Each structure stands twice: as structure tokens, then as C-alpha cells.
Amino acid sequence: MNAFPHLFSPLQIRGKRLKNRIMSSGHDTSMPTDNLVNAPLIAYHRARAEGGAGLIVLQVAGVHDSARYTSHVLMATDDACIEGYRRLAEVCHAQGALVLSQVFHPGREIMESADGLLAVAYSASAAPNERFRVMPRALEQAMIDEIVAGYASAARRLHRAGLDGVEVVASHGYLPAQFLNPRLNRREDAYNGDLEARLRFLREVLGAIRAATGNDFIVGLRISADERDPEGLTEDESLHAVQALQGELDYVHIVAGTSASLGGAVHIAPPMAVGAAYLAPTAALFKARLAIPLFVTGRINQPQEAEQIVAQGQADVCGMTRALICDPEMPNKAGAGRSDDVRACIACNQACIGHFHRGYPISCIQHPETGRELLYGHAATPRPRKRVLVAGGGPAGMKAAAVAAQRGHDVTLCEASAQLGGQIQLAQLLPRRSEFGGASTNLQREMERAGVQVRRHTRVDRALVERERPDLVIVATGAEPYWPPFERAGTLQVVDAWQVLRGEAQVGRSVLVVDWRCDWIGPGIAERLTRDGHRAQLAVNGTHCGENLPLYVRDHMVGELHRLGIAITPYARLYGCDDSTVYMQHTASGEPLIFEDIDTLVLCQGHQSVDSLAGELEGLVAYQRIGDCLAPRTAEEAIYEGLKAAWAI
């Protein structure tokens with residue numbers, strides 16, 4: 001009996017059969033070239049279709065030349081797009097998945113252009129965007145008509161390509177929402193006034209799409225149930241809008257947030273500090289007021305969560321996008337009763353939306369095969385079989401061991417301590433970061449399934465290698481805290497982040513946390529100490545706190561630090577300390593920064609490699625360094641290098 005009967009029940013939408021209620025929702029991948037579907041994008045979606053997703057909604061397709069909100073957006077403004085979409089639809093249909101595409105105009109939400117010049121942005125009115133600092137032009141009637149016609153012609157091309165339908169994007173403060181929002185729409189014509197007037201643009205778009213496509217073509221709408229911003233659409237406004245439009249739609253898909261502000265944008269890809277399936281109660285409210293299917297997306301990470309949402313009638317379909325980025329096989333595993341094998345997303349945002357914001361193809365720190373399907377799509381059985389010894393049970397070592405064993409090698413992993421996970425064990429101890437521990441749990445399960453022999457309390461040295469006689473040693477011995485040279489005088493207590501997290505230091509009342517990496521460690525330590533009753537402040541060696549973090553992780557975290565009253569000093573380089581004073585230097589001006597009445601200085605100054613083993617192995621056996629022992633970086637690089645090392649054996 002299926003453990004998830006509601007999640008794996010079919011659903012009919014406009015005569016088309018959705019085989020289950022699992023959706024990969026529309027999300028930018030940064031994979032397209034020349035604004036067209038290409039082989040990497042097809043391979044990416046094929047993996048999710050093969051993995052069992054019932055519905056795949058493709059990333060936004062621009063409907064007008066002014067819709068180019070990034071340099072790598074897909075465009076459906078020319079017939080040249082049809083062939084790529086056709087090939088993508090065919091490979092997904094072959095696996096039984098329905099395929100829709102989002103159709104899109106950002107309005108004022110322009111991120112960047114292809115040539116570095118600022119684009120001319122258009123909106124319902126000349127209402128500025130706070131996040132991207134864009135002042136748009138108010139659309140004139142002729143251009144409104146062009147854009148509406150663009151939606152229709154884009155939908156016609158997608159229909160010709162064999163897609164099952166389109167999803168009109170009115171979410172996250174994009175152009176349709178800019179018309180709908182009474183605080184942004186300041187027009188003095190028929191597109192503004194009461195709700196019906198503000199819906200005029202959307203009605204024209206939906207009518208044009210219907211007229212340009214067939215009766216079997218699905219037309220849905222994605223909208224933010226609440227834009228989570230003082231100037232954004234409210235829950236009541238969004239609900240009234242979709243109630244008025246439902247006669248022209250096949251489904252409504254709700255999300256949260258807006259692209260227009262830092263706080264609202266967090267909900268585009270909510271980080272792990274936001275609760276799992278947090279929009280389910282809102283979905284239930286919308287579902288009760290609508291007569292058409294309701295889809296919901298918002299940190300639905302596990303099949304258990306999705307099953308509960310569907311079973312309780314809160315929504316009909318669950319967007320599980322990052323869950324499918326992390327484990328494309330999640331639907332098949334869940335459907336086969338193997339939910340313990342699902343690699344759960346931890347919502348770190350590092351390689352998915354984090355890559356997108358830097359202009360790189362998306363991936364996943366836990367599953368670096370994502371976005372690299374053409375390289376690592378199908379593992380071939382190696383010949384001959386080799387004996388592989390992995391030294392170190394952190395993320396790099398565990399990934400290398402799991403993949404090498406999956407490919408048929410005889411693999412033993414040795415970990416010097418009692419626990420696997422390396423620095424993940426510490427990361428999960430920080431406030432609102434406990435879910436990070438799932439990365440270790442998932443990797444351990446992968447090793448178990450692959451048949452890796454694990455030896456704890458076993459440090460690898462030359463003598464052990466001489467006894468074991470492996471063909472290859474993968475050195476993944478990690479890193480340790482870096483203590484930079486600085487002037488020290490007096491009795492001020494100085495400790496590092498690891499000592500704080502392990503409870504090895506009795507920290508004083510007044511604490512200064514100095515953060516060189518500008519990641520989540522320093523802010524996390526400051527937050528933890530503040531919550532424990534200390535008076536903590538943070539000094540970062542960067543332009544701002546969390547400079548190296550994915551945007552939504554950073555902004556949510558900084559908002560929490562502000563609520564707690566934690567003072568943050570940027571541009572701060574550690575110089576020295578004495579009995580109760582820490583001396584720092586402003587990195588731009590060179591002037592001193594002095595922090596007085598400090599009891600404890602906590603160093604978050606990065607890490608240095610633990611790399612003595614390689615020297616012992618020189619001339620004895622082939623070896624390869626991976627992860628932090630090669631160079632201290634993040635879990636993403638460690639796990640990816642584990643994959644690469646194992647793949648090359």
C-alpha cells in the first residue's frame with residue numbers, strides 16, 4: 001500500500017491527467033544560452049521527469065523585448081524558440097509528466113541587463129522599486145497592447161511546441177501585480193480604480209491567451225497570497241482577485257513575497273530559518289474560497305508534508321522545487337515506499353538560488369549532479385574494481401565514498417572521531433541552522449545504501465595504509481579554526497567559534513565577535529550568545545554582514561540580528577587586544593576602531609587545512625586531496641570535489 005495515497009492520486013486539469021500532485025514549479029536555472037532552451041536545460045528537466053514529478057512548470061518565458069529581467073532569461077518572442085521547447089516537452093512527456101511554461105513580464109523588477117547598461121523598465125505607473133533601485137516609466141496604451149499581444153503570441157508558440165499549458169506570473173510583484181496593487185497603480189485611465197479596473201490588464205492577458213490557443217490548453221495563474229511588504233498586495237487583495245478571475249483560469253498557484261523589497265524577496269526561496277510548508281494554512285483559506293484547483297509552493301521539502309497538505313484539503317498540488325533539485329528521484333522513492341532514502345533539501349539556498357543570483361547554472365550542495373546532468377547523468381560501472389580508502393568522514397569524504405561505492409569500487413571510510421559529518425556537526429548547532437545536520441544524515445544514508453564500510457575512531461596514517469594496501473587514498477581530513485597573528489597584551493579571553501559551539505569556553509558577559517569570512521558563522525555565534533544572555537556585538541571584515549551568503553539567507557538573518565539589537569560594525573580588520581579593549585582597523589580608511597569593556601573576543605576568522613597525511617603517503621600510494629584539506633571553502637566545494645574524485649576512479 002502506498003504510504004502517500006493522496007499525494008500519488010491523479011488529478012484532471014482541463015482534460016489532462018496529472019499522475020501525482022508533485023510539481024516542479026517555475027524557477028530560473030541560468031542554464032539557457034541565447035535566451036533559448038538548450039541541451040543542459042533539457043537534461044535538467046528530463047531528470048525530474050524520470051524521477052517521477054507529475055507536473056513540470058518551466059522557468060519564465062519573456063513575452064516582450066522589455067521583459068528581459070536577466071541576461072539569461074528564456075524568450076518566447078520569436079519562432080526560433082519553438083524547437084527547443086518541443087524537444088523539452090517530448091522528453092518530459094515520455095516519462096508521463098505534464099509540462100507548462102510560465103509566461104512573464106517583470107515590469108519594474110529588472111535585475112540586470114546583457115551588456116551592463118541599465119535597462120528602461122516599464123510598469124503600470126512610475127512607482128520606484130526599492131530593491132533594484134529602478135524608476136520605471138508608466139506604460140502607454142500602445143505598449144500595453146503590445147505586451148498583451150506578446151502574451152498571446154508566446155502562448156501560441158508554446159502551444160505549437162507541444163506544451164500542455166502556461167502559467168501567467170502575477171506573483172512576487174511582477175507586472176500583473178503592479179497593475180493589481182492599489183498602492184503602485186496610480187494610473188488615471190481604465191486600468192485603475194476599483195478591483196475590476198485593476199484586473200483589466202490581467203483579464204486582457206488571459207483572454208488573449210485563450211483566443212490564441214486550443215481548448216485543451218491549460219491556463220493557470222501564479223500569485224503571491226501575501227507579498228509580505230508594507231507596499232505589497234495583501235492576502236485579502238490577492239484572494240479577491242483570484243476569486244474574480246477563477247472563471248477564466250484552470251488553476252491558481254499561490255506563493256508569498258515580492259521581488260520589490262529585501263524582506264519580501266526572502267519568500268521567493270525561503271531559507272531554512274522559515275518553517276517547512278509554512279503556507280499550508282494560507283492555502284487552505286484560498287482553497288475554501290475557490291472552485292478550481294489550488295497549487296501551493298513554500299518550503300514543502302518532504303513527501304510527508306505534501307501528503308498532509310493534500311489529504312487535509314489545503315491544496316491540490318504541491319510545489320516541491322528545491323526538494324526536486326536536491327533529489328530528482330524523490331517522487332519515485334516515495335511512491336515505492338523508500339521515503340527513508342529521500343535526500344531532503346535543507347534550504348541552505350547556496351547552490352540553487354545562490355548560483356542564480358551570481359549568474360551561474362543552479363545546482364545543489366548535497367547533490368552536485370543537479371545542473372550537471374550531461375556530465376554526471378548516468379554512472380558507468382568501472383573496470384577494474386579498485387580498493388579505495390577515504391580518510392575523513394566530513395561531507396567531502398562521505399560523498400566521495402558513496403559515489404565510488406555506487407560505481408562498484410570496494411570503499412572503506414575512516415573517521416578519527418566518533419561522529420561523521422565534520423563541520424556540519426557544528427553548523428547545525430547555530431540558531432535556526434539545525435536543519436543543516438540533514439546534509440550529514442543524507443550522506444550517511446547514501447553511503448549505507450552503496451555499501452561503504454565505515455570505521456569510526458580510526459585515524460588514517462602511513463602504518464594503516466601499509467596494512468590496508470588500497471589502490472587509492474582520498475584525503476578528506478578537513479580543516480581547523482584559523483587564528484591570525486595579532487597583537488595581544490593583558491588578560492582578555494580569546495576563543496574561537498568551535499570552542500563556543502562545543503561548550504569548551506566560559507564566555508564573559510560582554511562579547512565581541514570578529515568575522516573575517518562574512519558568512520553565517522559570525523552572525524550565528526553573535527545571535528546564539530545574545531539569546532543566551534550575553535551582550536554580543538559583531539564586527540565584520542566586509543562591506544556588510546553576510547556578504548558571502550545567498551541573498552535571502554543573509555537578509556533574513558540580518559533582520560533577526562536587528563530585532564535582537566545586535567550592533568554590527570562593517571569594514572573591520574582585527575588588529576589587537578589588551579585587558580578589556582579590542583583594537584580594529586577600518587579597512588577602507590585605515591583609521592582605528594576601538595571596542596571597550598569587552599570580556600571575551602570570539603574569533604570567526606576562517607579555517608586552515610589539516611593536511612599532514614598527504615606528506616606521509618608520498619611515494620607509498622596514489623592519493624588525492626579534496627575539500628577543506630585541499631583549501632578551506634564551503635560544504636558545496638567539498639561535496640562536489642567528492643563527486644569528481646570518485647567519478648574519476
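# Helix packing, rings and loops

Modeller: Let's start at Glu248, in the loop between helix H7 (235-245) and strand E11 (251-255). Keep in mind that this is a predicted model.

Colleague: Fine. Is Glu248 buried, exposed or partly exposed?

Modeller: Glu248 is partly exposed, at a relative accessible area of 25%.

Colleague: And what does Glu248 touch?

Modeller: Leaving aside residues up to four places away in sequence, Glu248 touches Arg203, Leu206 and Arg210. There is also Val219, 29 residues away along the chain. The C-alpha atoms of Glu248 and Val219 are separated by 8.2 Å.

Colleague: Switching to helices. At what angle do H3 and H6 pack?

Modeller: About 35 degrees, with the axes 8 Å apart. H3 covers residues 141-160 and H6 covers residues 200-212. The crossing of H3 past H6 is right-handed.

Colleague: Which residues make that contact?

Modeller: From H3, Ile144, Ile147, Val148, Tyr151, Ala152, Ala155 and Arg156. From H6, Phe201, Glu204, Val205, Ala208, Ile209 and Ala212.

Colleague: How many of them are nonpolar, polar or charged?

Modeller: The contact of H3 with H6 has eleven nonpolar residues, two charged ones and no polar ones.

Colleague: Take Ala152 in H3. Buried or exposed?

Modeller: Ala152 has 8% relative accessibility, so it counts as buried; the cut-off is under 20%. Ala152 touches Ala208, Ile209 and Ala212, again not counting residues up to four places away in sequence.

Colleague: How far is Ala152 from Glu204?

Modeller: In space, 9.8 Å from C-alpha to C-alpha. In sequence, Ala152 and Glu204 are 52 residues apart.

Colleague: Now rings. How are Tyr151 and Phe201 arranged?

Modeller: Edge-to-face. Their centres are 6.3 Å apart, with 75 degrees between the planes. Tyr151 lies in helix H3 and Phe201 in helix H6, so this pair ties together parts that are 50 residues apart in sequence.

Colleague: And why is Phe179 with Phe201 called stacked?

Modeller: The ring centres of Phe179 and Phe201 are 4.4 Å apart and the planes are at 10 degrees, so the pair is stacked. The cut-off for stacked is planes under 30 degrees apart. This pair links distant parts of the chain: Phe179 is in helix H4 (residues 175-180), Phe201 is in helix H6, and they are 22 residues apart.

Colleague: How accessible are Phe179 and Phe201?

Modeller: Phe179 is buried, with a relative accessible area of 0%. Phe201 is also at 0% and counts as buried. Tyr151 is buried too.

Colleague: Which residues form the aromatic cluster?

Modeller: Tyr151, Phe179, Tyr191 and Phe201 form one cluster.

Colleague: What about charges over rings? Where does the charged end of Arg372 sit?

Modeller: Over the ring of Tyr640, 4.0 Å from its centre. Elsewhere, Arg433 lies over the face of Trp520, at 4.5 Å from the ring centre.

Colleague: Last topic, backbone. What is the phi of Arg299?

Modeller: Positive, about 55 degrees, although Arg299 is not a glycine. Arg299 is in the loop between strand E12 (294-297) and helix H10 (303-311). With a relative accessible area of 4%, Arg299 is buried.

Colleague: And what is the phi of His457?

Modeller: His457 has a positive phi of about 55 degrees, and it is not a glycine either. His457 sits in the loop between strand E16 (453-455) and helix H18 (462-468).

Colleague: Is His457 buried or exposed?

Modeller: His457 counts as exposed, at 62% relative accessibility.

How values were computed
Residues are numbered from 1 along each chain as its sequence is written. This is a predicted model: local features need pLDDT of at least 70, side-chain atom pairs count only at pLDDT 80 or more; totals for chains, interfaces and linings use all residues. Side-chain values use heavy atoms; hydrogens and water are left out. Axes are lines fitted to C-alpha atoms, for helices over the stretch in contact, and angles run from 0 to 180 degrees between N-to-C directions. Helices (H or I, at least four residues) and strands (E, at least two) are DSSP runs, numbered from the N terminus. A crossing is left-handed if the near helix is turned anticlockwise from the far one by less than a right angle, and right-handed if clockwise. Contact means heavy atoms within 4.5 Å. Ala, Val, Leu, Ile, Met, Phe, Trp, Tyr, Cys and Pro count as nonpolar, Asp, Glu, Lys and Arg as charged, and the others, Gly among them, as polar. Rings of Phe, Tyr and Trp (its six-membered ring) pair if their centres lie within 6.5 Å; planes under 30 degrees apart count as stacked, over 60 as edge-to-face and the rest as tilted. Buried means under 20% relative accessible area, exposed over 50%, partly exposed in between (1.4 Å probe, protein chains only). A charge sits over a ring if NZ of Lys or CZ of Arg is within 6 Å of the ring centre and within 35 degrees of the ring normal.
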